[in-house]
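Let's take a walk through a protein together. Have a look at the structure below, and then we will explore its open spaces.

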Amino acid sequence: MLFDMENPSGFDPYSLLTRLIVPRPIAWVSSVGKEGIFNLAPFSFFNLICDEPPIVILSISRKDDGCRKDTAENILHTGDFVINLVSVEHVQKVMLTSEEFPPEVDEFKVAGLTPTKVHKVKSPRVAEAKAWLECLLLKQEELFGYDLIFGRVVLVGAESLDYKVLKPVGRLSESFCELIEINQEK
Ligand SMILES: Cc1cc2nc3c(=O)[nH]c(=O)nc-3n(C[C@H](O)[C@H](O)[C@H](O)COP(=O)(O)O)c2cc1C
């Protein structure tokens, strides 16, 4: 099968690419808006791109009306955000927080999650998440209508580093997958 990505016809580029680029990590991003309202939403156009210093990237598209998504708006305003780890038991709540709510809606309340103060940034974390990354906005760039957010990780918190405890989840196409470690024999 061949797919001409410069002239896509008869297929959906998003469905194709997200079927082959797997699994994608999920950043469950918490932030705080101008009026002090907390925000929470998942992003899987996300990755770690440098380790010294540690830098992550989020790619955030626009809302249907062309406005910035609340997460991007908040990060540009406050200059920080928190990435919460998604575990198997959080999948349903992740989906709930991905709905397009207006800025005055606090998705922590919608999903019944607990916002908790963190150490180095103003944004809260999800108390129920088993690990979190506190990030400062390094820079933002616009690319074909996407907001690319580069964040510097300034603190990491984790209740464990054992995958059996963390039970991390990835994005598999438009669904989710569990991650299982493969131990290579040396
Ligand atoms: C698992 C998952 C991953 C997502 N990844 C992205 C993404 O990488 N970029 C994006 O713009 N939207 C992504 N979305 C959609 C956003 O979560 C959704 O637009 C959300 O309403 C944004 O909320 P906000 O306006 O509060 O920032 C994803 C949704 C789900 C369920």
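Which residues lie nearest the centre of the second largest pocket? Keep in mind that this is a predicted model. The residues in question are Pro-25, Phe-46, Leu-85, Leu-133 and Tyr-163, and they belong to a lining of 29 residues. Several elements give two or more residues to this lining, among them β1, β4, β9 (131-143) and α5 (163-166). The element that gives the most is β10, with 4 residues. Sorted by class, the lining of the second largest pocket has 22 nonpolar, 5 polar and 2 charged residues. The volume of this pocket is about 740 Å³.

Now turn to the largest pocket, which holds about 1,000 Å³ of space. Its lining has 37 residues, and Tyr-14, Pro-42, Phe-43, Ser-61 and Lys-69 lie nearest the centre. Among the elements that give two or more residues here are α1, β3 (38-43), α2 (70-78) and α3 (91-97).

Let's finish with a single residue. Find helix α1, which covers residues 13-20, and look for Thr-18 within it. Thr-18 counts as buried because its relative accessibility is 4%, and the cut-off for buried is under 20%. A polar atom of the Thr-18 side chain lies 2.7 Å from the backbone oxygen of Tyr-14. Beyond its neighbours within four places in sequence, Thr-18 is in contact with Arg-24, Phe-45, Leu-172 and Ser-173.

Methods. Residues numbered from 1 in each chain as written. Predicted model: local features only at pLDDT ≥ 70, side-chain atom pairs only at ≥ 80, totals over all residues. Heavy atoms only, no water. Buried < 20%, exposed > 50% of the residue type's maximum accessible area, 1.4 Å probe, protein only. Polar contact = N/O pair within 3.5 Å; in protein donor to acceptor, adjacent residues only side chain to side chain. Contact = heavy atoms within 4.5 Å. 1 Å grid on protein atoms, 1.4 Å probe; cavity = no way out; pocket = protein on both sides within 12 Å on 5 of 7 lines; lining within 4 Å. Points joined across faces, edges and corners; volume = space filled by probe spheres on them. Nonpolar A, V, L, I, M, F, W, Y, C, P; charged D, E, K, R; others polar.
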